[in-house]
Amino acid sequence: MPLSSTSCSGGVVSLAWSLEAPPERVWSAWTDPALLSQWLGAAVECDIREGGLLVVDHGEDTLSRSDILEAAEPHRLQLTWEFPNEASSRLSITLESANDGTRLHLVHSHLGSLERSYEAGWMTHLTFLEAAVEGDPLPISQFWKLHDTFRALTAVDSV
């Protein structure tokens, strides 16, 4: 797992992740419905352009809705994040070329008391994203097991 940094405070989760793929390939994991379904959920609507809309089914008809605020291919994506029974939040993704691939910076803000849950959630999703980008997607049956592991690890760090 190439997680290189994480911070979680003040309702903000910030992660840095290194991937062995060029920014264009990582960008496609956010914009190609087939790749998106391997790590985030089934794309119901996937219009990744400024003013576009991303709707993802996370299972059992649990839909997230995101308005695309900025889409500067292949380096920057900013969007709202609306999940059922939660206040709207903001998500910012930056992709930078690195030695052997891409350094992904994810900042999810306006999370309030949900920050720890989202920290473990994004660690899990980015593990699945990495596998999808490398062409070896992880079985979805492993998602909650991995999430529980990250949640336990991040709870230890916050004590």
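This dialogue walks through several features of a predicted model, one kind of feature at a time.

Me: Before anything else, what kind of model is this?

Reply: This is a predicted model, and local features are discussed where pLDDT is at least 70.

Me: How many aromatic pairs does a search of the whole structure find?

Reply: Six aromatic pairs turn up in that search. In one of them, the ring centres of Trp 30 and Trp 122 are 6.4 Å apart and the planes stand at 35 degrees, so this pair is classed as tilted. Because Trp 30 belongs to helix α1 (residues 23–31) and Trp 122 to helix α3 (residues 115–133), the pair ties together parts that are 92 residues apart in sequence.

Me: Are the two partners, Trp 30 and Trp 122, buried or exposed?

Reply: Burial is judged by relative accessible area, with under 20% counting as buried. Trp 30 has a relative accessible area of 3% and is therefore buried, and Trp 122, at 1%, counts as buried too.

Me: How are the rings of Phe 128 and Phe 143 arranged?

Reply: Phe 128 and Phe 143 form a tilted aromatic pair, with 5.6 Å from centre to centre and 55 degrees between the planes. Phe 128 lies in helix α3 while Phe 143 lies in helix α4 (residues 143–157), so here the pair ties together parts that are 15 residues apart in sequence. Both Phe 128 and Phe 143 are buried.

Me: Which residues do ring pairs link into a cluster?

Reply: The cluster consists of Trp 30, Trp 39, Trp 81, Phe 83 and Trp 122, joined by ring pairs.

Me: How should I read a pocket, and what is the volume of the largest pocket here?

Reply: Rolling a probe the size of a water molecule over the atoms shows where empty space is left. In this model the largest pocket has a volume of about 590 Å³. Its lining comprises 25 residues, and those nearest the centre of the pocket are His 58, Phe 83, His 125, Phe 143 and Trp 144. Two of these names have come up already, since Phe 83 is a member of the ring cluster and Phe 143 is the partner of Phe 128.

Me: Which helix gives the most to the lining of the largest pocket, and how do the lining residues divide by type?

Reply: Helix α3 gives the most, with five residues, and α3 and α4 each supply at least two residues. By type, the lining divides into 11 nonpolar, 11 polar and three charged residues.

Me: How many salt bridges does the structure hold?

Reply: The structure holds four salt bridges. In one of them Arg 49 pairs with Asp 47, their closest N and O atoms being 3.0 Å apart; Arg 49 is partly exposed at 46% relative accessibility, as is Asp 47 at 24%. Another joins Arg 76 to Glu 70, with the closest N and O atoms 3.4 Å apart. A further bridge runs from Arg 116 to Glu 119, with the closest N and O atoms 2.7 Å apart, and these two residues both lie in helix α3, three residues apart, which is about one turn of the helix. Here Arg 116 is partly exposed at 27%, whereas Glu 119 is buried at 3%.

Me: What should I look for in the backbone, and where is a peptide bond cis?

Reply: Most residues other than glycine have a negative phi, and most peptide bonds are trans. In this model the peptide bond from Glu 73 to Pro 74 is cis, with omega near -5 degrees, and Pro 74 lies in the loop between β5 and β6 (76–81). Glu 60, although not a glycine, has a positive phi of about 55 degrees, and Asp 61 has a positive phi near 60 degrees. Glu 60 counts as exposed at 81% relative accessibility, and Asp 61 counts as exposed at 67%.

Note on methods
Residues numbered from 1 in each chain as written. Predicted model: local features only at pLDDT ≥ 70, side-chain atom pairs only at ≥ 80, totals over all residues. Heavy atoms only, no water. Phe/Tyr/Trp six-rings, centres within 6.5 Å; stacked < 30°, edge-to-face > 60°. Helix = DSSP H or I, 4+ residues; strand = E, 2+ residues; numbered from the N terminus. Buried < 20%, exposed > 50% of the residue type's maximum accessible area, 1.4 Å probe, protein only. 1 Å grid on protein atoms, 1.4 Å probe; cavity = no way out; pocket = protein on both sides within 12 Å on 5 of 7 lines; lining within 4 Å. Points joined across faces, edges and corners; volume = space filled by probe spheres on them. Nonpolar A, V, L, I, M, F, W, Y, C, P; charged D, E, K, R; others polar. Salt bridge = Lys/Arg side-chain N within 4 Å of Asp/Glu carboxyl O.
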